[in-house]
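I opened this structure to see how its parts are arranged. My entries follow in the order in which I looked things up.

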Amino acid sequence: MIERVKTKKIYVGNVAVGGDAPISVQSMTFSQTRDIDSTVEQINRLHFAGADIVRVAVPDIEDAKALKEIKKRTSLPLVADIHFNHKLALIAAEVVDCIRINPGNIGSKDRVAEVVKACKERNLPIRIGVNSGSLEKQFDDKYGQTPKGMIASADYNIKYLEDLGFNDIKVSMKASDVQRTVQAYRGLRPLNNYPFHLGVTEAGTLFHSTVKSSIALGTLLLEGIGDTMRVSITGELEEEIKVGRAILKDSGVVKDGLNIISCPTCGRIEADLVSAVAQIEEKTKHIKAPLDVSVMGCVVNAIGEAKHADVAIAYGKGAGLVMVKGEVVARLEEKELVEHFIKEVEKAAKEFKI
Ligand code: SF4
């Protein structure tokens, strides 16, 4: 059983982050935010894919002004990502649900104080987003782009806000590799109780980002660290949500849908297992009940796995068995097995809800 580090609960719109709230999955649009139609379309795609929160870049005044209309046309909680210019944060704070700034790069303390005041008026949290590639000069000079430098930067920015009486804070500590990312989050965790937004930044294409994010975020989640997360992928928006949800599920942090146990390719398989598992995965993706199901290519391990599975198939030559809770419920030809198996899974899912 994973024991989550107890963090302060904050709210990004209607989504709770930290404390006992479920770990949320978020992403970011890639349109120019001032292009309202494209940004709304991307936010809606993310919403449909299952995102809990979405972030948009606000590099300019036109982008900040567009937020009002975007907010009217979407319902996902919106985070405005702002660097350097506090005026953009003041405009954004009138409509969005969270501001991402690093106080250290906003300028004078008076300017940060104005942003803090605007956020307090609307109960908005602030995300401090430390990135190894853009540390403040004093930390970069002293520590370089190391976990120590990232921790020092995060701690400095947190204290900056705390000195202004603000503590609705969440923190991210992203590096572009696994080790620095893990070390930074681990190192900062004992120093405060603010919720952490996990992520490996600039993690690459779908394949490499999936590997890096699974190792880094999986490691941290298994240590109980992490309250919200983004998987950064050079690719389609929806993939970020799909991989994020899979990391939560496959690390065992959340129970959500089927856990499909299936054989690797193996010389004993006497059926088209690859196609059978692909069909099962596709046709059962709507099922939310956390069932264990196994799809095994021969009898060597099938009976053992089936004992632990809610529903199982054991393939033989041209035929096979369907089992429920270790008991054989059908002996069928290969072409009939998948359909019958899915019926048994659906039945088990309904019973699970009761
Ligand atoms: Fe191979 Fe059979 Fe083991 Fe599957 S259960 S991996 S088919 S030996």
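Entry one, the open sheet. I found an open sheet of five strands in the order β11-β12-β13-β14-β15, with mixed pairing. Two strands count as paired if DSSP finds at least two bridges between them. Helices (H or I, at least four residues) and strands (E, at least two) are DSSP runs, numbered from the N terminus. I noted that β11 (259-262) and β15 (327-333) are the edge strands, each with a single partner strand, so one side of each has no neighbour in the sheet. The twist from one strand to the next averages 15°; axes are lines fitted to C-alpha atoms, for helices over the stretch in contact, and angles run from 0 to 180 degrees between N-to-C directions.

The model is predicted, local features need pLDDT of at least 70, side-chain atom pairs count only at pLDDT 80 or more, and totals for chains, interfaces and linings use all residues. Residues are numbered from 1 along each chain as its sequence is written, and side-chain values use heavy atoms, with hydrogens and water left out.

I looked up β12 (residues 292-296) and β13 (residues 311-315), which run parallel and are joined by four bridges. Opposite valine 295 I found isoleucine 313 of β13. Helix α11 (residues 299-308) lies across β11, β12, β13 and β14 (319-324) and runs at about 170° to β12.

Which residues are around the ligand? I listed Cys263, Pro264, Cys266, Arg268, Ile269, Met296, Gly297, Cys298, Val300 and Asn301, where near means that a heavy atom of the residue lies within 4 Å. This shell divides into seven nonpolar, two polar and one charged residue. Ala, Val, Leu, Ile, Met, Phe, Trp, Tyr, Cys and Pro count as nonpolar, Asp, Glu, Lys and Arg as charged, and the others, Gly among them, as polar.

Entry four, the barrel. I traced a closed barrel of eight strands, β3-β4-β5-β6-β7-β8-β9-β10, with parallel pairing. Strands β4 (residues 53-57) and β5 (residues 78-81) run parallel and share four bridges. Arginine 55 has valine 79 of β5 as its bridge partner. Helix α1 (residues 36-49) packs on the sheet and touches β3 (24-28), β4 and β5, with its direction at about 155° to that of β4; contact means heavy atoms within 4.5 Å. Helix α2 (residues 61-73) lies across β4 and β5, at about 175° to β5.

The domain assignment, automatic or from a database, gives domain 1 (10-250) and domain 2 (259-351). I noted 41 Å between their C-alpha centres.
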